[in-house]
Amino acid sequence: LRNTWLDIDSTDAERALRGVGILVAVLLVSLMSKTFDRFFQQYFEMVKCRTAAISFMGMARAYIDDDELVKLLLRYSNLANVTSFVGLTPTYTKENFFDPITTQFELITDSELDTVEGLVGPNTEAAVAEVFVWLYSALKVAEEQGIISTFEKKDLQDSLLEQQDSLITL
């Protein structure tokens, strides 16, 4: 049998159609595999980040007797996490994610907001980096004032570095 319109044998057309079907299936499987890989990579990075944040918060509470300093460090740590999510998806914008959460939980003061407000959204990485600078600076001052030892500062910084590494990977 010949198909006069395409001027090819039906067996050739059937083979071509099967080949296209196999190609489409392979492409779909590949795409789905990459999507799941990215999802699981993000999931495991978030688990690593959560673990580092919890470790940091626990160590801060154990090492530091100054309740106000502990609250400041925990606030900055939470602020870094919230800020890092802005822009990951269309849902996580400054207006419908960052602003409500930072207001509800009082994560940022007006003067701090003035420093990072222009960065949140268009340059989220810079805003997150700025918050981590605040964290490292607070630890440095705490060490200089004798509130924490050099060992305790290094321990806290290592935990912050893990957290920062995970947030950057997202």
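This text goes through the predicted model from the overall fold to single residues.

The model is predicted, and local features need pLDDT of at least 70, while side-chain atom pairs count only at pLDDT 80 or more and totals for chains, interfaces and linings use all residues. Residues are numbered from 1 along each chain as its sequence is written, and side-chain values use heavy atoms, with hydrogens and water left out.

The chain has six helices and two strands, where helices (H or I, at least four residues) and strands (E, at least two) are DSSP runs numbered from the N terminus. Along the sequence the order is β-β-α-α-α-α-α-α.

Along the principal axes, the C-alpha atoms fill a box of roughly 90 × 35 × 20 Å.

Of the 170 residues, 32% are buried; buried means under 20% relative accessible area, exposed over 50%, and partly exposed in between (1.4 Å probe, protein chains only). The chain exposes about 10,800 Å², of which carbon and sulfur atoms supply 60%, by the Shrake-Rupley method with a 1.4 Å probe, and for residues only the protein chains shown count as cover. Contacts (heavy atoms within 4.5 Å) with a separation of 6 or more come to 62% from residues 24 or more positions apart.

The interior can be followed from its nonpolar core, a set of buried Ala, Val, Leu, Ile, Met, Phe, Trp, Tyr and Cys residues joined through side-chain atoms within 4.5 Å. The largest such core has 38 residues, and Ile64, Leu73, Phe98 and Leu156 have the most contacts inside it. The elements that give two or more residues to this core are helix H1 (10-63), helix H2 (67-85), H3, H4, helix H5 (124-144) and H6. Leaving out residues up to four places away in sequence, Leu73 touches Phe56, Ala60, Ile64, Leu135, Ala138 and Leu139.

Gln164 lies in helix H6 (residues 150-169). Gln164 counts as buried because its relative accessibility is 17%. With residues up to four places away in sequence not counted, Gln164 touches Phe132 and Tyr136.

Glu106 sits in the loop between helix H3 (94-104) and helix H4 (110-116). Its relative accessibility is 63%, so Glu106 counts as exposed. Phi of Glu106 is near 50°, a positive value in a residue other than glycine.
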